[in-house]
Amino acid sequence: MEYETVIGLEVHLQLKTKSKAFCACATEFGQEPNSQTCPVCLGFPGSLPVLNQAAFFSALKVGLALNCQVQEYTKFDRKHYYYPDLPKNYQISQYDLPLARDGFLDISVENRQKRIGILRVHLEEDAGKLVHEERLSYVDFNRTGVPLLEIVSQPEISSPQEAYEYLTTLKSAIEYLEVSGCDMEKGSLRCDANISLRKKGAQKLGRKTELKNMNSFKAIKDALSFEVIRQTEILAAGEPIVQETRLWDAKVAKTISMRSKEEAKDYRYFPEPDLPPFIINRDKIEEIRRTIPELPREKMLRWMREYELSEYDAKILVSNKGDADYAESAIKTYPQKDKKPIANWLIGPFASIATDRNCSIAALKLSQEALIELIAFVENQQISQLAAKSVLAEMIETGRSAAQIIQEKNLVQISDTAELEKIAEEVIKVNPKSVQDYKSGKANALMFLVGQAMKKTQGKANPKIVQELFKEAIEKLKF
Ligand SMILES: [Zn+2]
């Protein structure tokens, strides 16, 4: 029997606001435990919540960016459960009237576009954090009441790889909106996954499990892949799937049963009596819509059209907003029609320096013109690719131009054939074994000889010309 996989994802996103969702406490991460609390977020009797307008507008912005219908009338509800990190014994959330619903997110899967429906986007408050030590547990309420957005996809994701694509696309879009830190390590982005299998072609959804405790997109993909295999084996043996919550244990790479899943009725939802319903007027919605920038996926598709970049290159270049602005300006300034070389430089050596310094490429503060000047030296075969990389690092370090550094360090490549022929002959003379190897069909031996010539010239020989010269010279040799 063949099965198909059905996945739905619930993403929780902390909104980057100065204060909490319903009180004036700060939201800064990593502060002294319980230093950012007040009677409202500690749930003292008689304290009253007040909605944070900035959080509400950020939530609307996300809803609009995800192509949702923003509801003109929305309200908050109490979701009841007991847990030590939830001092009120209920969480302010949204139940039947979420602020946005029925949207979608387009993703790329194996070179085609797939549209994943967004069921709903709603605003709620985060719970506190339990810190477990050897024999004691502590509770830190700093996180209690931090605005949290829940983004629920339709169960339209068909594989762990699609789930991964959905999450990276979503994260990149949210980063462009500048409403969340989107940092899984700091917990500002978290994700739960629902997964079930059904017989191929069946309409009815199979019984699902909910996966929790995954702290990277890769872990989510791994947990889902494990679950596909586990559920397939159970179904193939003719046994039923237990509807439950399972925790991903990265150490043993398995999901482990945690508890049976609560139903909505267990939470005893009812309207939050301390907050009025909210009516959002159309003008405000349009005003927020206008603040949404071109999102990374649209930008990627446009670059593929306008600059004829591959999807692979465009996707990397647009993934960070600041870098995308830098990259687009560089691509526009680059004089050749074929933009592949500049894209390669941006993705390759330039990005790798940024990664080493743990910053964005825009933060390297090198002008697009300076970068293009350096690339021209390589294109005109005046310096080698290898030398150019070290020049680039020095340009960033010192702020000097490519021309200055190349001249000072005497890096101009030797492309003079007569001079290179002499060098090739010398190398051939002292490496008869490699010459023999190459003759007998070992291609690597040629690279060794080229390497020797590079060494002899302190890396300044033009490797392409040298390689050709070696081929010709060896061809002429008589054995
Ligand atoms: Zn507070």
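**Notes on the predicted model**

1. The lining of the second largest pocket comprises 17 residues, and T168, S172, E175, K315 and S319 are those nearest its centre. A pocket here is an open set of points on a 1 Å grid over the protein atoms alone, where a 1.4 Å probe fits, with protein on both sides within 12 Å along at least five of seven lines; lining residues have an atom within 4 Å of a point. Two or more lining residues come from each of β6 (100-109), α2 (160-177), α5 (296-306) and α6 (311-318). The largest share, six residues, belongs to α2.

2. The volume of the second largest pocket is about 460 Å³, taken as the space filled by probe spheres set on the grid points, which are joined across faces, edges and corners. Its lining consists of six nonpolar, six polar and five charged residues (Ala, Val, Leu, Ile, Met, Phe, Trp, Tyr, Cys and Pro count as nonpolar, Asp, Glu, Lys and Arg as charged, the others, Gly among them, as polar).

3. This is a predicted model, in which local features need pLDDT of at least 70 and side-chain atom pairs count only at pLDDT 80 or more, while totals for chains, interfaces and linings use all residues. Residues are numbered from 1 along each chain as its sequence is written, and side-chain values use heavy atoms, with hydrogens and water left out. The chain has a mean pLDDT of 92, with 99% of its residues at 70 or more (pLDDT is the predictor's confidence in each residue, from 0 to 100).

4. Three domains are given: domain 1 (3-288), domain 2 (296-408) and domain 3 (417-476), with bounds from an automatic or database domain assignment. The second largest pocket lies between domain 1 and domain 2, because both give residues to its lining. The centres of domain 2 and domain 3, taken over C-alpha atoms, are 32 Å apart.

5. The chain contains 15 helices and 16 strands (DSSP runs numbered from the N terminus: helices are H or I, at least four residues; strands are E, at least two). An open sheet of three strands runs in the order β5-β4-β15 with antiparallel pairing, where pairing requires at least two DSSP bridges between two strands. Strand β4 (residues 77-80) pairs with β15 over two bridges, and R78 has F270 of β15 as its bridge partner.
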